[in-house]
2 protein chains.
Amino acid sequence: MEDAAARFAGIVGDRNLLTGDQVSEDYAHDESLTCDPRKPAHVAKPATAEEVAALLVAAAEHDVPVTARGSGSGLSGGARPRADGLVISFERMNAVLEVDTANQVAVVQPGVTLAELDAKTSAVGLAYTVYPGELSASIGGNVGTNAGGMRAVKYGVTRHNILGLQAVLPTGEIIRTGGKTSKVSTGYDLTQLIIGSEGTLALATEVIVKLYPRLAHSATLLAPFGDLTQVMEAVPVLLASGLAPNILEYIDNLTMAAITYHEQLSLGVPEEIQQATQAYLVVGLENRDGDRLDGDAGRAGELLAELGATDVYVLDGGSARKLIEAREKAFWTAKAAGADDVIDVVVPRSEMPGFLAKARELALAAEAGAVGCGHAGDGNVHLAIFCKDPDKRHRLLHDIFAAGIACGGAISGEHGIGQAKRQHFVDLEDPAKLALMRRIKQAFDPTDILNPGVLF
Amino acid sequence: MEDAAARFAGIVGDRNLLTGDQVSEDYAHDESLTCDPRKPAHVAKPATAEEVAALLVAAAEHDVPVTARGSGSGLSGGARPRADGLVISFERMNAVLEVDTANQVAVVQPGVTLAELDAKTSAVGLAYTVYPGELSASIGGNVGTNAGGMRAVKYGVTRHNILGLQAVLPTGEIIRTGGKTSKVSTGYDLTQLIIGSEGTLALATEVIVKLYPRLAHSATLLAPFGDLTQVMEAVPVLLASGLAPNILEYIDNLTMAAITYHEQLSLGVPEEIQQATQAYLVVGLENRDGDRLDGDAGRAGELLAELGATDVYVLDGGSARKLIEAREKAFWTAKAAGADDVIDVVVPRSEMPGFLAKARELALAAEAGAVGCGHAGDGNVHLAIFCKDPDKRHRLLHDIFAAGIACGGAISGEHGIGQAKRQHFVDLEDPAKLALMRRIKQAFDPTDILNPGVLF
């Protein structure tokens, strides 16, 4: 093992390799609620793609498993290392290399955070539109899990907004995929294959992200509904209207109570309406023109009333921002409330009422709790699971995931499988697809050094 | 060989298997200008995924190479069969299975044409927004080549608008990938890997396409420019404006003269302006609201004038439709004019002036012609190549492709590699990526029966 450490130190320099007690607790985990921390043997902090390539070659020779790490904000244990492993931390590869206004793209290193990219693109009137809850998340991590977030309903998820990569293969080659173009029909799309592969196929060392004009005006509407099914029925109507909402979130009454209490947030909804509400729909609108936005907000309000909302509140900027932030922190609220796991099944949005009813029925039968909120426009249901017993919880999750798949959905819409949901994935996925994915893994990583134990 | 034919006939029925003289010339080619027709030994017309699976298993056992065929409108020889091969024609699998308004998706069989899908979605106020020039093209073929077209500048290409597939692996398994959801982070994205693989990895037997609201109002602006560079400089400004054009095409003066003459189209541009024009920019706008559209068209006109357009013409509906149709037929115009090849290099859009200058310089040096038009918003340059000598043309194309790649682009933006550009792809692509793609091919198709000779 000392041999390997010396080799790694030779590549990144002594000060950029941590071993043994130098490895802090931070590198032992991500934010998954169910994966116990596990310190790796080594942490290397490369500065270039060439150093990453040399690390992978050395790791393969020394049979040391490698886990890539961005900000460690993942929720599935995808960045939880092996005890005998090497963590490649991208904390030093954190530069926005270029914001290219002519091509409306940015070229960034994987360690760049969403917050920093937002600041850099804002300065030129553009925006990277993928907003998962956590702005401290890194672009590299977002590539790994194919992060989604609230604005996916208008702009799509990470895979729809990444045009190209520089990536290092586990065999040490540095490749470039895609480019500063939306159109490419020249061989297999390696960009899309690497996105969402959770660090098991290749490590991104540069990312070309698509940017959109940053629209100057936005509005947030809050609509309480007496019945969750009405919320779900409102969603396709709003989407078909052409209003192009950039946020369409539902928050159930328990979760709304928890996040408003936790964040000490008052939204002006009278107590008697709160009491009669089963779920809230949050509608975000944006426009380059203020008058058009006002027109759109008015039309959305009319539609919501027609669709059965008890009332419609147009939130002022401060309240809207606080509500969205509170919603984004729903994970932390759930964690603080003692949730034992947080999952993010995705189903066709028309299936959400049926799926939610089924999930609650299953939770009830298991004497467990399942409350939540989610991306109503995308059918992406975030459920906080309250169930202390690990075996019972495993069975409950299995049944909830199976119910989601039976609705035409998948285990995870944006968090990924990681280590936390690996067993469920292996148990529930079509064996023919699993076998094919394993053969693809083998095509990239014949010695299986990249994140073994994640996904499969 | 008779053995194989009997086996195939047993699967699809005698009337749905053509052999020998029954095989018409239609099945011998696509629309590539450079791939000679080549009749296959067999043509099978399956009706179900199960029949496709059985055909693939039988083909593998009899060592018969298989080429999938939709409408045969491809431009790279991707559907040109092997002489000893089996064509699987999807002409009987041509049903729109479902237009699902709640989830804004359609589920279609691969033989469905874009024209038919447009009619079906139009009836419910929705649209499939991928519009390559040829509306007789099939969805299955579009999946194969990752078709693009004019509206990609707003809506993306095929891969951005396909959410899931049913597909048959060459080993005979029928799998389902993705679903009626935009978000999935559950294993490798097989949907995206199959899209653009030109029939070499798996055959799509069902396709879930994303639909958008069909916006009621549209306008088309035509702006002549004295200088091609000004056209290219106008593009990012228009895109940054937030006007969200759904068409941004440039047409050089020679091509405009050819298509207006060929289609007997008069656009009202005075002779003296035509004479002083190097290229035209066509800007398409759309809105759900007529007044907003008028405002947007006015703003776009002001911007174009500021950006150096000699004049700006707002085309009436009839002229606009004719111009767009004529532009979509540019391939046929080029063919009628005696073009020896048509290529579609993609480069970052900021690189278009430099790339076009380089391509013309190379053509001039080779005593050849290179004129064209293209998707200015996407950097996708369509060039008609006039050069009779095949060896000289091969060298010219090699140099033009190399120039495109040197600009950060790729050989093809939407037509694909097929057989026509295979040698250029193999010569110019990074060997590490080629080797990886070949390993991926092996992971799907260990006996190499799907479209051998295409891509690699």
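Predicted model: local features only at pLDDT ≥ 70, side-chain atom pairs only at ≥ 80, totals over all residues.
Across the interface of chain A and chain B, 38 residue pairs are found in polar contact, both residues of each pair being at pLDDT 80 or more.

Which elements of chain A give two or more residues to the side that touches chain B? They are β9 (174-178), α6 (190-194), α7 (228-240), α10 (290-306) and α16 (431-444) of chain A. Of these, α16(A) gives the most, with nine residues. Sorted by class, the side of chain A that touches chain B holds 31 nonpolar, 31 polar and 18 charged residues.

As for extent, 80 residues of chain A are in contact with 80 residues of chain B. The area buried between the two chains is about 6,300 Å², and carbon and sulfur atoms give 58% of that area. Lys183(A), Ser185(A) and Tyr188(A) together supply 16% of the area that chain A buries against chain B, more than any other three residues.

Turning to charge, the rule finds ten salt bridges across the interface of chain A and chain B. In one salt bridge, Arg288(B) is paired with Asp296(A), and the closest N and O atoms are 2.5 Å apart.

I come now to the nonpolar cores. In soluble globular proteins, nonpolar side chains tend to be buried together. The largest nonpolar core here has 178 residues. Which of its residues touch the most other members? They are Leu281(A), Ile440(A) and Phe444(A), together with Leu281(B), Phe355(B), Ile440(B) and Phe444(B). Take Phe355(B) as an example: leaving aside residues up to four places away in sequence, Phe355(B) touches Val345(B), Val347(B), Val381(B), Leu383(B), Ile400(B), Ala403(B), Gly404(B) and Cys407(B). Another core, of 25 residues, lies apart from the largest one, and its members include Val52(A), Ala53(A), Ala59(A) and Met93(A).

Finally, two backbone angles. Glu367(A), a residue other than glycine, has a positive phi, near 55°. Glu367(A) lies in the loop between α13 (352-365) and β17 (369-375) of chain A. Is Glu367(A) buried or exposed? Its relative accessibility is 69%, so Glu367(A) counts as exposed, the cut-off being over 50%.

In chain B, Gln264(B) also has a positive phi, near 50°, and is likewise not a glycine. Gln264(B) is placed in the loop between α8 (253-262) and α9 (271-275) of chain B. With a relative accessible area of 75%, Gln264(B) is exposed.

Notes: Residues numbered from 1 in each chain as written. Chains lettered and ligands numbered in written order. Heavy atoms only, no water. Contact = heavy atoms within 4.5 Å. Buried area = accessible area lost by both parts, 1.4 Å probe. Salt bridge = Lys/Arg side-chain N within 4 Å of Asp/Glu carboxyl O. Polar contact = N/O pair within 3.5 Å; in protein donor to acceptor, adjacent residues only side chain to side chain. Helix = DSSP H or I, 4+ residues; strand = E, 2+ residues; numbered from the N terminus. Nonpolar A, V, L, I, M, F, W, Y, C, P; charged D, E, K, R; others polar. Core = buried A, V, L, I, M, F, W, Y, C linked by side-chain atoms within 4.5 Å. Buried < 20%, exposed > 50% of the residue type's maximum accessible area, 1.4 Å probe, protein only.
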